[in-house]
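Work through the exercises below with the sequence and the model side by side. Try each task before reading its solution.

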Amino acid sequence: MNNDFHLSEHHMFNMLGKDILLNVKTMIFYDITPLISDIVKILEAGVTDPIRALKKKYPKSEIMNSLQYMEKEGFLIKS
């Protein structure tokens with residue numbers, strides 16, 4: 001199974017203590033979880049397998065669910 005992911009065009013920022021992710025294509029803002037924020041940060045850093053990178057911090061099922069959500073919302077491109 002290939003777990004390589006890349007981000008689509010986005011902007012992530014913090015406002016009023018909340019992490020916000022903007023999908024540039026749809027112009028929709030999302031109030032995101034710390035896990036999704038961590039996924040975005042590691043993908044921005046060039047890591048392409050977030051499951052491997054985050055498995056010590058989060059349960060694999062939560063990572064998979066977050067990746068599926070991000071893919072459904074257009075934030076991820078799977079290699």
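The model is predicted, so local features need pLDDT of at least 70 and side-chain atom pairs count only at pLDDT 80 or more, while totals for chains, interfaces and linings use all residues. Residues are numbered from 1 along each chain as its sequence is written, and side-chain values use heavy atoms, with hydrogens and water left out.

**Exercise 1. The whole chain**

Find how many helices and strands the protein chain has, and in what pattern they follow one another.

Solution. Begin with the count, in which helices (H or I, at least four residues) and strands (E, at least two) are DSSP runs, numbered from the N terminus. The protein chain has three helices and five strands, and along the sequence they give the pattern β-β-β-β-α-α-α-β.

Next, consider the overall dimensions. The radius of gyration, which is taken over C-alpha atoms, is compared with a globule rule of 2.2 Å times the number of residues to the power 0.38. For 79 residues a compact globule would have a value near 12 Å, and the protein chain, with 12 Å, agrees. Along the principal axes, the C-alpha atoms fill a box of roughly 35 × 25 × 20 Å.

Finally, turn to burial and contacts. Buried residues (under 20% relative accessible area; exposed means over 50%, partly exposed in between, with a 1.4 Å probe and protein chains only) make up 38% of the 79 residues. Of the contacts (heavy atoms within 4.5 Å) with a separation of 6 or more, 53% come from residues 24 or more positions apart.

**Exercise 2. Helix α1**

Determine which residues of α1 are buried, and which elements they pack against.

Solution. Helix α1 covers residues 34–44. Its buried residues are L35, I36, S37, D38, I39, V40, I42 and L43. Because eight of the 11 residues of α1 are buried, the helix is largely enclosed by the rest of the structure. The packing partners of these buried residues are β1 (5–7), β2, β3 (18–23), α2 (50–54), α3 and β5.

V40 is buried, with a relative accessible area of 0%, and beyond its neighbours within four places in sequence V40 is in contact with L7, H10, M12, L21 and M70. The C-alpha atoms of V40 and H11 are separated by 9.7 Å, although these residues are 29 residues apart along the chain. S37 counts as buried at 2% relative accessibility and touches M12, D19 and I32, when residues up to four places away in sequence are not counted.

After the helix comes G46, whose phi is positive, near 100°.

**Exercise 3. Aromatic rings**

How many aromatic pairs does a search of the whole structure find, and which parts of the chain does the pair of F13 and F29 tie together?

Solution. Rings of Phe, Tyr and Trp (its six-membered ring) pair if their centres lie within 6.5 Å, and planes under 30 degrees apart count as stacked, over 60 as edge-to-face and the rest as tilted. The search finds three aromatic pairs. One of them joins F13 and F29, which are 6.2 Å apart from centre to centre with 80° between the planes, an edge-to-face arrangement. Since F13 lies in strand β2 (residues 10–15) and F29 in strand β4 (residues 28–31), this pair ties together parts that are 16 residues apart in sequence. F13 counts as partly exposed, at 30% relative accessibility.

Now take the pair of Y30 and F75, whose ring centres are 5.1 Å apart and whose planes meet at 75°, so this pair is edge-to-face. Y30 lies in strand β4 and F75 in the loop between α3 (60–72) and β5 (76–78), so the pair ties together parts that are 45 residues apart in sequence. Both Y30 and F75 are buried, and Y30, Y69 and F75 form one aromatic cluster.

**Exercise 4. Positive phi in the loops**

Decide whether L16 and M27 are buried or exposed, and find their phi values.

Solution. Most residues other than glycine have a negative phi. L16, in the loop between β2 and β3, has a positive phi near 55° and counts as exposed at 83% relative accessibility. M27, in the loop between β3 and β4, has a positive phi near 60° and counts as exposed at 54% relative accessibility.
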